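This report describes how the parts of a two-chain model are arranged and how they meet. The sequence and structure come first, and the description follows.

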Amino acid sequence: MTTTTDTQVRGGIGESVKRPDGIPKVTGNFAYASDLTAEGMLWGATLRSPFAHARLVRIDTAASLAIPGVHAVLTQDDVPGRKTFGQIVADQPVLVDGEARFWGEPVAVVAADDPETARIAVATIEVEWEELDPLVDMETALEQDEVFRYAPVRRGDQQASGSVVVEEYYEVGTQDQAPLGTEAGLAIPDGEGGIDLWVTSQWTHEDHDQIWRSLDLAPDQIRQHPTGIGGAFGAREDMSLHLHLCLLALRTGRPVKMVYNREESFPGHVHRHPARLWYRHEAESDGKLVRVEAKMILDGGAYTDTTPAVVANAVYFAVGPYNVDSVTVDGYGVRTNNPPTGAMRGFGVVQACYAAESQMDRLAAELGMDPLELRKRNAMTTGDAMPTTGQIIETSLPTVEVIDEVAAIPLPPPLDSDDPLHLPGGTGLTTTPQYVTRGIGYAVSIKNIAFSEAFDDFAEARVVLTPSGVEVHTAAVEVGQGMVTVLQQIARTALGIEQVAVVPADTSVIGSAGSTSASRQTQMTGGAVLEASRALRAVALERGGGDELNSEGVWRDGALAMSLEELCADGPLSEHTRFRHPPTVEPDENGQGDLHADFAVAAHRAVVDVDTELGLVRVVQVDTAQDVGMVLNPQSARGQIEGGILQGVGLAVMEELIVDQGIIRNASFTDYLLPTFLDAPDVEMVLLEEPSPWGPFGAKGIGEPPTISSTPAVAAAIRNATGLALNRVPIRPQDITGT
Amino acid sequence: MEVRFRLNGEERSVDVGPAQSLLSLLRDGMDLPGSKNACEQGECGSCTVVMDRQAVCSCLVLAADVDGADVTTVEGLSNGEQLHPVQQALIDGGGVQCGFCTPGFVVAAAHLFEGNPAPATDEIREALSGNICRCTGYGGILRSLEELAGR
């Protein structure tokens, strides 16, 4: 999409431009939702269900309300409008509606003068419960037809068979996004019955559309503002404390702030779906895939959240980037009383890719073939059909190239140190090098970018030229990934003007930019900014009667024809766009159709050292080659990819919610293990630049692929070191030792 | 109760609650929100401050215990517009994404470099292993600090 009109300018695309929020973040001055305050502010707190499933027999708030300093104690009875919320299906009560359906579900909320009083008020609410049997097994849920979504794929000859067959069962545990910033927000009454809300969110307009309905207000009475977010990774795609803050602020007429602590953050947001997957691959003896069959169940928790879309992704990417003519997939998202699940980086593809790539290694072993050769022999490229949906790939799809490139990255030297920092178990001094075995494993993935299945996916942006430079107005949420930098770069390159500020816009002043998820903002809001910037440039050139625009103004034949000030003599020049990606369709009854807007592939290679006696793993290095379309900011791209890989490593070897009868037993950073500096592998990467047909300057979203095939690559490496089947992630010490 | 202590180079006197943490005192009582609350269990390092030449998790320090102490928070590291070298290094080296862990990393890394101006790569990793970052995979932070260490 690069055109001759795009200008060379400092800080444009392709440079490692520094983040505009860098200085406030390193000095501690960046305002996150949890840092916000307001005059006369009250503090909110939440009473939560102590059971995964229970009937609320009686709730009495009188004693709590009587505590000095307590200003409101609200229950479901106090919700004035729609009693439920949810972005796909509004099936979650704002507060428990007589039956608690997951551990930690909000039952009542209070507002008090200070956090301590609020906590005491919560503890003083009298509640009588009748405990009910929780439904915690996803297969039982499927037997009972508790299904949020069934997504099938039937493609090709359903009777096709190959001479070599591998069939296995896999499990994926529940991963938490564990963003460092917990759920937090501040709601301020506007004095006219409405609310201004600052809250941790990935998609302000979607939240807003749910909030006004439950508050029984007009849409324009609620303004949701972007705010500083301490990471998201999908956890903030669904609402958390948004409505509770608004209810308390409306009731008290005062600003109300609420910040979840870590223990309540765990049940306070959706997680990655735990999954069970059955796979059968059939191939000819030359390795050509003939047929793939899969059945997968994803545990959707008690309410719908984004489960239907996650299941769809797992199903449509069940095979990976391989050509197969005969495919059968049945995917189910089921309702249980386990912790809530929804969006997390990779969005269903993580679970499917772990199982499918494990299958490819098994098939290679069965065939006596090199696992990379098997993958390359079946690799899809542009013009091929998706094995599941039949969609013809129109975008770049360098599958063979990512495999070759990652394999060409030099391997790390053999373990040659008895420094405990370099050994599994670390400074625990649990082993010596002679008991350590090295393993190497590969995995490959394909992921959709942006929203699929006929979703009306768009992003709005307004680009404004003022005498002092350019402003980019957008509701797109920066969650840390670096979007604000990339939007600046796009506008600079398109306009030739260096002074660009990204101005976060609330829901009342611009339309939706869509969610910061699905690896979509660089392509979607980036696309909107590019379109609006080019339109603005054309207007400026016409007004100035020139042929070039830069930071000084419009130029004609090498001379300044009109300064920015003169251009804006009647006020700033402004262009607004609503950018859409190529349309997608609903799947037919066999899951067929052009369901997806764009695709990207990635390959990972993991090198691990395993202490086979204690089952401890050190992930030494994870390398990748990723299909990125075009690199807009090399430093930022590298940061996204390294961070994504470490989350994939976490799922492979340590990150799991321990859930017992629906209750999270490790809802703390002491017990939910996150990779530290000493757990982080070295990462070498190759970024393949083959342009997307519609991403700005050919760029593709890059956020999710690093988290997808990194997990199966690590699992493959541990298998390579141990010879074990390892059909479950995370791989725990006991899975390796068998004890 | 009243405590007197040195905070970012200034003598301060402040009332604290009997069960209040230093983190709560800084954030809610002294208008210094730079130290972040992410776990309140001393596991993530987001609230790291230097107290009497030790890097500590301020969520685990009783506010009453700072009486007579010398405390430096992230707000005390830069001098007006002049950033601390660790702060500049993290910006330049891509060590910042969402930034929620950043103040803790800044304080812990500044403390490391004060005692060891040219730490080896493993010394950096080990010294900062009490600080969790969920965004960067630590690569950008490591390269930033290796650069600062002249490596």
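## Helix pairs in chain A

The crossing of α15(A) and α17(A) is right-handed, a crossing being left-handed if the near helix is turned anticlockwise from the far one by less than a right angle, and right-handed if clockwise. This is a predicted model, in which local features need pLDDT of at least 70, side-chain atom pairs count only at pLDDT 80 or more, and totals for chains, interfaces and linings use all residues. Residues are numbered from 1 along each chain as its sequence is written, while chains are lettered from A and ligands numbered from 1 in the order in which they are written. Helices (H or I, at least four residues) and strands (E, at least two) are DSSP runs, numbered from the N terminus.

Helix α15 (residues 634-653) of chain A packs against helix α17 (residues 710-722) of chain A at an angle of about 45°, and their axes are 7 Å apart; axes are lines fitted to C-alpha atoms, for helices over the stretch in contact, and angles run from 0 to 180 degrees between N-to-C directions. The two helices, α15(A) and α17(A), are therefore oblique to each other, since angles under 35 degrees count as roughly parallel, over 145 as roughly antiparallel, 65 to 115 as roughly perpendicular and the rest as oblique. From α15(A), Ile645(A), Gly648(A), Val649(A), Leu651(A), Ala652(A) and Val653(A) meet Ser710(A), Thr711(A), Val714(A) and Ala715(A) of α17(A), where contact requires that C-beta atoms, placed from the backbone, lie within 7 Å. The contact of α15(A) with α17(A) has seven nonpolar, three polar and no charged residues; Ala, Val, Leu, Ile, Met, Phe, Trp, Tyr, Cys and Pro count as nonpolar, Asp, Glu, Lys and Arg as charged, and the others, Gly among them, as polar.

Helix α5 (residues 204-215) of chain A and helix α6 (residues 242-252) of chain A pack at about 40°, with axes 10 Å apart, and α5(A) and α6(A) are therefore oblique to each other. The crossing of α5(A) and α6(A) is right-handed. Asp207(A), Ile211(A), Ser214(A) and Leu215(A) of α5(A) make the contact with His242(A), Leu243(A), Cys246(A) and Leu250(A) of α6(A), and by class the contact of α5(A) with α6(A) has five nonpolar, two polar and one charged residues.

## Sheets in chain A

Three strands form an open sheet with antiparallel pairing in the order β22-β23-β24 (chain A), two strands being paired if DSSP finds at least two bridges between them. Its edge strands, each pairing on one side only, are β22 (548-549) and β24 (559-563) of chain A. Strand β23 (residues 553-556) of chain A runs antiparallel to β24(A) and is joined to it by four bridges; in β24(A), Ser563(A) is the bridge partner of Gly553(A), and Leu560(A) is that of Trp555(A). β23(A) and β24(A) form a hairpin with two residues between them, and Asp557(A) in the turn has a positive phi of about 50°. Helix α13 (residues 521-544) of chain A lies across β22, β23 and β24 of chain A, at about 60° to β23(A).

A four-stranded open sheet has the order β18-β26-β27-β30 (chain A) and mixed pairing. Its edge strands are β18 (436-449) and β30 (685-688) of chain A, each of which pairs on one side only, and the twist from one strand to the next averages 20°. Within this sheet, strand β26 (residues 598-611) of chain A pairs with strand β27 (residues 616-627) of chain A in the antiparallel sense over ten bridges, and Asp623(A) in β27(A) is the bridge partner of Arg605(A).

## Domains

Chain A is divided into domain 1 (22-28 + 458-580), domain 2 (33-133 + 182-229 + 236-268) and domain 3 (275-452 + 587-737), with bounds from an automatic or database domain assignment. The centres of domain 2 of chain A and domain 3 of chain A, taken over C-alpha atoms, are separated by 36 Å, and 17 residues of domain 2 of chain A are in contact with 20 residues of domain 3 of chain A.

Chain B is divided into domain 1 (2-76) and domain 2 (85-148), whose centres, taken over C-alpha atoms, are 21 Å apart. The contact between them takes 14 residues from domain 1 of chain B and eleven residues from domain 2 of chain B.

## Contact between the chains

The contact between the chains takes 40 residues from chain B and 45 residues from chain A. On the side of chain B that touches chain A, α2 (85-92), α3 (102-115), α4 (121-127) and α5 (139-148) of chain B each supply at least two residues. That side of chain B has 18 nonpolar, 15 polar and seven charged residues.

How values were computed:
Contact = placed C-beta atoms within 7 Å.
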